[in-house]
Amino acid sequence: MVMSELIGLIPLAPLLGFLFIGFVNKDLTKGWVATIACGAVLASFAMSVALFFNLLNSPAGTSLTFTAFDWISTGNFSVAFSFLVDPLSSIMMLIITGVGFLIHVYSVGYMYHDDGFRRFFMYLNLFIFFMLLLVMGSNYLLMFVGWEGVGLCSYLLIGFWFKNQDYNDAAKKAFIMNRIGDLGLILGVILIFVHFGSINYADVFSKAVDYPVGSEIITWITILLFVGAIGKSAQIPLYTWLPDAMAGPTPVSALIHAATMVTAGVYMIARNNILYTLSPLALEIVVVIGLATALFAATIAIAQNDIKKVLAYSTVSQLGLMFAALGVGAFTTGIFHMATHAFFKALLFLGAGSVIHAMSNEQDIRQMGGLRKYLPITFATFLIGTLAIAGIPPFAGFFSKDEILANAFGHSQIVWGVAALASILTAFYMFRLFFLTFSGTSRASEEVKHHIHESPKSMTIPLIVLAVLSAVGGFMGVPEVLGGGHALNQFLAPVFETSQKIAGEHHHLDHSTEFILMGVIVGVTFIMIFIAYTLYVRSKRIPTPEGVALNGAHKLVYHKYYIDEVYHTIVVKPLYFISKVFDTVVEKLFIDGIVNGTGRLVTWGSKTLRLVQTGNTGFYIFAMVISIIILLVTKSLI
Amino acid sequence: MLTTLLIFWPLFGALILLALDSRMAKPWALAVSLIEFAFFLFTVFSFQPDASTQFVTNVPWIQSLGINYYVGIDGISMLMVLLTTLLTPLIILSSFKNNYENPVSFYGLILTMEMALVGVFVALDGFLFYIFWELALIPIYFICLRWGGVNRGAVTLKFFIYTLAGSLVMLVGLLYLYYQTPGQHSFAVEALYAAGQQLPSSTQGLIFWALFLAFAIKMPIFPFHTWQPDTYHTAPTQGTMLLSGIMLKMGIFGVIRWLLPVVPLGVKEWASTAIVLSVIGIVYASCLAIAQRDLKRLIAYSSIAHVGLIAAGLFTLNRIGMQGAMIQMVSHGVVIVGLFYIIDIVFSRTSTQEIASLGGIRNSAPLFTTVFVVVMLGSVALPLTSGFVGEFLLINSIFQFNGWIGAIAGLTMILGAVYMLRSFQQTMLGEANARTQNFIDIGLNEKIVLYPIVALIILIGVYPAPLLKISEAAVENLHTIITNYQALNQ
């Protein structure tokens, strides 16, 4: 079938782009590098769109597969390089290649004057390749290939400006923290192999339905897989790498650390919805971790002054909300919010990039202000992004966030309360960021002010496209209560059909409750925006400058609850300490001491024995006779 | 005939070398090793990937003692011969910019070493195996002693005595088995298997330790490893490559051919001990690698960790683990030779291999950086590099043996990233200093060694099927022998 053949080409295009830019021709002009890199992703996007429409017009439950070759096969273990395109992977592919393409285009302008232009696009194309493997693989191991591959690209891109050792530290931290999660993930995959005898999704899911709900083994599997998600999607306790990852160029933050890679955990759980549905305990853990992260990160975001750090904590928080949605069994909702978040968070990061670009690399919002008149396009698009993430109707974030809250309420009112709190805090810190950046008068130095300029077209056009998506993206999931049909729900339904059966009918809220909840949240959101407006526009309040002592809670939040310091004390330092002790005491004194001691003992023994060699024949004969006697005696005794 | 040619061609080359002018030593040694590799290629293409032993030669040698010149190649041996004949030319090439004094002896010894290594991997007579095993020690001893670094006398002596002590215990074990063979005693592998397998469980346990000790020291497995870091550190780069790339696989191969099927009940009794020691070694050596300040020592300890994983997987007696061990031996050999060569390049340009004194090399050497990254990724077993295939299969088998031990073994994924990324960062990234600011990127000579290594790391990682297929049937067969026997003798 023609469509199936297409599947293999989708990840191949960016891989070829990577190889060509990186290794075939190193003397390409910037124009050619940009054309090839963007073209490769655009090609993937076009093919993804074709596949999407193919699926859309096929009967429900259709999925396409394509096997490239046998990868690892030995004994009873066998896994192929094979791809699966179903509604879930199709949505992921559209986001990855679509948003990915826009960010590629944006990067052409953003990175144009950087010496590492070619290297940057190499990594970016490689990232798209691995990200596509992650979502297109038809088995766990191929997902793992993508999973670790995107981790590698993230490492390379966080440390892109490699002369700065702080950036390199951030890159290393990201890789290692991800690896902690990856270990959990791979152990989960092995456990799946041990119990299901296969690691192909199709085999596993068809066998899983025979397991009872609450099966212990499924619980272990799902928890181990979730450890992987915690690492990759920056959830408590493995989230601290993501804010540091902002060391990378801003388009990277938009693509990898907001729109795509960090949502891999969300995809993974949605993919394994059947297994998770079979383990209520695992789902409960997902809810708790997700909610805790959502709230915790939102509080930190309130006190940050680095434009990218605020967005980073916001990402952590939003990811937490997605997990909360998955945890209450609303898998489509998790994916829905992931999609809208990809639009508005990519938009916000790229907008931030445009600001940073204009401000001569300044990232501190205390030094900004009044950018509205200098950067009209960035301002307008950033506003749309902010409205979307704050959940103001009819922008994209409103629909998906409302759906999360409605589902949370159906699950438990506490879950709803925490999620609602996290989401109204979002409105506050995002508008704080927005007002401090764009309104009032500029606080920049004359020097910087002199250079402020709107970004080139290659940067503003992606902003505009993303702004449109952030504005209307929510209409793919208009709820019934607002008279919609929820197209996304219908499209994804086959993927979650089995879980729906296992979980039983979802208790739907009645329309009046749903309306009230919606009204309350939107109302409180407006209040939060008003507070932010009063504080930062009317009273012209500026966050405390560096060096001024903060008090109590503010200090705690500003220093991110000192989690990094805690980790340093309880993990990093002990590891180095143990290593030192192993090196100096255990290895050199103890083990080697025994070895050398044995050596000395032998030397001493042979010296002593040498004394026996007296040269006296009489002594030898005597010794011989004695030996023979001993030999005979022992022989007769046995 | 082909097997004999594979064994003795390098020795023949070494003998010719003695007659040559010292300027001819390098090219001649390279030519000999490349021809050897060509012989290997011919062999592997004539090989049927089934469980049988092929290209067998079996002629009496010391007839009165039942010792035969009995050699042959099965899938397991084939991968080992592949590793030896592939790495030797690369190791010789890696020395091309060095001007070692007395090159005739240096290259002669390397070729002699190759002969002994191939011999170890294809010998099917216990005595012959022992001869080659000891023979392999002699050239490397002289290489380390004559061309080594500071304190080489003491370090090399310790290495020599330590491994020799292990070998002697092994000899005792082999002799004991030999005397258990019926009638006119024999050292033939089948006879020794039969002799070992009919022993009572307790005696098998003793034989297990006699043989295991020798292999454990060679690999080395914790806590028999303390000769290794010093030796790797002191030996000249080519010596370190021979030791780590090929010679340590003698120990793992020894376990596969001369331990597991010989005393299956002894293995059954002691396998968990071996696994626990190996897994302790993984974590312990990884921590030590973190503490190192010298690149060469750091990689030496990382090797103990990686070999620990291989040994642990092997002793699970799980087919997946055994196959994982096979492919990981090849991968480890390629990766570690690459790493030691990278360190050699750093040292030759900056006169230091102290991590703290380096930094910023990437600024002036992008190609070198790319190579380093790929080899590092192979070492930390990123998917689609050679290291991943084996590591996944091995952790899989250990996890099946025991979930918690598997999880601890899996820590290598995290700790490996800690020490490798740290050494990469400190060496290559950041601002250049006085030592590194004029670092010259790799030249043709170095590319010839490094590019094939990089290509192999990726090729094996993306398409490991051909390698897995070579050893599959032989491993399967071995696994069946052991499990059937163990099932019969509960």
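Visitor: Leaving aside its neighbours within four places in sequence, what is Lys308(A) in contact with?

Guide: This is a predicted model. In it, Lys308(A) is in contact with Met246(A), Gly248(A), Pro249(A), Thr250(A), Ser253(A), Phe349(A), Ile356(A) and Gln363(A), once neighbours within four places in sequence are set aside.

Visitor: Which side chain does the side chain of Lys308(A) make a polar contact with?

Guide: That of Thr250(A), at 3.4 Å.

Visitor: And where is Lys308(A) found?

Guide: In helix H14 of chain A, which covers residues 307-327.

Visitor: What is the nearest side chain of opposite charge to Lys308(A)?

Guide: Asp306(A), which is 7.1 Å away. Lys308(A) is buried and has no salt bridge. A salt bridge needs the atoms within 4 Å.

Visitor: New topic. How many residues does the largest nonpolar core have?

Guide: It has 416 residues, and Tyr140(A), Leu141(A) and Phe315(B) are those with the most contacts inside it. Helix H13 of chain B, residues 319-350, gives the most to this core, with 18 residues. There is also a second, separate core of 20 residues, which includes Leu321(A), Ala324(A), Ala325(A) and Leu509(A).

Visitor: What does Phe315(B) touch, not counting residues up to four places away in sequence?

Guide: With those residues not counted, Phe315(B) touches Phe208(B), Phe212(B), Val255(B), Leu259(B), Leu260(B), Val267(B), Ala271(B), Ala274(B) and Ile275(B).

Visitor: Back to chain A. How many residues does helix H16 of chain A have?

Guide: Helix H16 of chain A has 15 residues, 376-390. From its first C-alpha to its last it reaches 21 Å, close to the 21 Å expected at 1.5 Å a residue.

Visitor: Which residues of H16(A) are buried?

Guide: Among them are Thr378(A), Phe379(A), Thr381(A), Phe382(A) and Gly385(A). The buried residues of H16(A) pack against several helices of chain A, including H14, H15 (331-358) and H22 (511-538).

Visitor: What follows H16(A)?

Guide: Gly391(A), with a positive phi near 85°.

Visitor: Which residue other than glycine has a positive phi near 70°?

Guide: Asn361(A) does. Its place is in the loop between H15 and H16 of chain A.

Visitor: Does Asn361(A) count as buried or exposed?

Guide: Asn361(A) counts as exposed because its relative accessibility is 60%, and the cut-off for exposed is over 50%. In chain B, Leu317(B) has a positive phi near 55°. Leu317(B) sits in the loop between helix H12 (295-315) and H13 of chain B. Leu317(B) has a relative accessible area of 12%, so it is buried.

Visitor: Which residues does a cis peptide bond join in chain A?

Guide: Ile236(A) and Pro237(A), with omega about 5°. Pro237(A) lies in the loop between helix H8 (216-232) and helix H9 (241-244) of chain A. In chain B, the peptide bond from Phe222(B) to Pro223(B) is cis, with omega near -5°. Most peptide bonds are trans.

Visitor: What touches Ile289(A), not counting residues up to four places away in sequence?

Guide: With those not counted, Ile289(A) touches Phe226(A), Ile230(A), Gln235(A) and Ile236(A). Ile289(A) lies in helix H13 of chain A, residues 280-302.

Visitor: Why is Ile289(A) put down as buried?

Guide: Because its relative accessible area is 19%, and buried means under 20%.

Conventions:
Residues are numbered from 1 along each chain as its sequence is written. Chains are lettered from A and ligands numbered from 1 in the order in which they are written. This is a predicted model: local features need pLDDT of at least 70, side-chain atom pairs count only at pLDDT 80 or more; totals for chains, interfaces and linings use all residues. Side-chain values use heavy atoms; hydrogens and water are left out. Helices (H or I, at least four residues) and strands (E, at least two) are DSSP runs, numbered from the N terminus. Buried means under 20% relative accessible area, exposed over 50%, partly exposed in between (1.4 Å probe, protein chains only). Lys and Arg count as positive and Asp and Glu as negative; His and the chain ends are not counted. A polar contact is a pair of N or O atoms within 3.5 Å; within protein, one must be able to donate a hydrogen and the other to accept it, and residues adjacent in sequence count only if both atoms are side-chain atoms. Contact means heavy atoms within 4.5 Å. A nonpolar core is a set of buried Ala, Val, Leu, Ile, Met, Phe, Trp, Tyr and Cys residues joined through side-chain atoms within 4.5 Å. The expected span of a helix is 1.5 Å times one less than its number of residues.
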